[in-house]
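I set out to record what could be looked up in this structure, element by element. The entries follow in the order in which I made them.

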Amino acid sequence: MKVNHSLTPQPIVEPAAVARDRQRYAALRQQIAQLGFFRRGTLGRIFQRCGKLGCRCMADPPQLHGPYMQWTRKVAGKTVTVRVPPPQIELFQEWIANSRQLDRLRVEMQKISLRATERMLREVTGPKKKKVPRPAATPRNVVG
Ligand SMILES: [Zn+2]
């Protein structure tokens with residue numbers, strides 16, 4: 001450890017752990033910066049019944065129509081589905097993958113942020129003090 005011989009106060013040195021977290025955080029931020037468009041939700045295959053009398057989907061056993069791809073997501077708490085035609089499937093897959101990646105990055109950034117800021121808070125307040133047992137509670141004066 002270096003000893004400070006100068007009379008000027010030493011600048012506060014960031015703890016190594018916080019510096020490491022700052023680097024990890026910057027790397028994640030870089031990944032977010034490179035992320036393309038995204039759409040939330042899931043892509044699923046469905047089979048459907050059209051309901052027309054005499055159609056094979058109404059036969060016994062039924063032969064359903066499909067498979068169709070559909071994009072499902074929540075809008076204001078309600079599930080909304082949209083049919084995705086084959087030429088659009090690849091785009092949807094990419095956008096949905098991006099949204100999951102964004103979620104992963106955000107969760108990771110949040111984890112690192114919490115850890116780093118906890119350390120920073122401890123730096124400014126010093127180590128936790130031991131709890132001093134409180135004296136027995138005394139009844140408060142009642143104002144009235
Ligand atoms: Zn049908």
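The entries below go from the overall layout to the sheet, the helices and the backbone details.

**Entry 1. Overall layout.** I noted at the outset that this is a predicted model. I counted the secondary structure of the protein chain and found two helices and three strands. Read from the N terminus, the elements follow the order α-β-β-β-α. I then looked at burial: buried residues account for 3% of the 144 residues in the protein chain. For contacts between residues at least 6 apart in sequence, I noted that 58% join residues at least 24 apart.

**Entry 2. The β2-β3 pair.** I examined strand β2 (residues 65-75) and β3, which run antiparallel and are joined by seven bridges. Within this pair, W71 is placed opposite V82 of β3. I also checked the cover of strand β3 (residues 78-84): among its seven residues the count of buried residues is zero, and the strand is hardly covered.

**Entry 3. Helix α1.** At 1.5 Å a residue, its 18 residues should span 26 Å, and the end C-alpha atoms are 26 Å apart, which agrees. Is α1 largely buried or in the open? Of its 18 residues, the number buried is one, so α1 lies largely in the open.

**Entry 4. The helix pair.** α1 and α2 pack at an angle of about 160°, and their axes are 9 Å apart. The two helices, α1 and α2, are therefore roughly antiparallel to each other, since an angle over 145 degrees counts as such. The crossing of α1 past α2 is left-handed. Residues of α1 that make the contact include A17, D21, Y25, L28 and I32. On the α2 side, L102, L105, M109, I112, A116 and M120 are among those that take part.

**Entry 5. Backbone details.** I kept in mind that most residues other than glycine have a negative phi, and most peptide bonds are trans. Which peptide bonds are cis? The bond from D60 to P61 is cis, with omega near 5°, and P61 belongs to the loop between β1 and β2. G66 and P67 are also joined by a cis peptide bond, with omega about 5°; P67 is found in strand β2.

I then turned to A76, which is not a glycine but has a positive phi of about 50°. A76 is located in the loop between β2 and β3, in a hairpin that has two residues between the strands. Is A76 buried or exposed? With 5 C-beta neighbours inside 10 Å, A76 counts as exposed, because the cut-off for exposed is 12 or fewer.

Methods:
Residues are numbered from 1 along each chain as its sequence is written. This is a predicted model: local features need pLDDT of at least 70, side-chain atom pairs count only at pLDDT 80 or more; totals for chains, interfaces and linings use all residues. Helices (H or I, at least four residues) and strands (E, at least two) are DSSP runs, numbered from the N terminus. The expected span of a helix is 1.5 Å times one less than its number of residues. A residue is buried if 20 or more other C-beta atoms lie within 10 Å of its own, exposed if 12 or fewer, and partly exposed in between; C-beta atoms are placed from the backbone. Two strands pair if DSSP finds at least two bridges between them. Two residues are in contact if their C-beta atoms, placed from the backbone, lie within 7 Å. Axes are lines fitted to C-alpha atoms, for helices over the stretch in contact, and angles run from 0 to 180 degrees between N-to-C directions. Angles under 35 degrees count as roughly parallel, over 145 as roughly antiparallel, 65 to 115 as roughly perpendicular and the rest as oblique. A crossing is left-handed if the near helix is turned anticlockwise from the far one by less than a right angle, and right-handed if clockwise.
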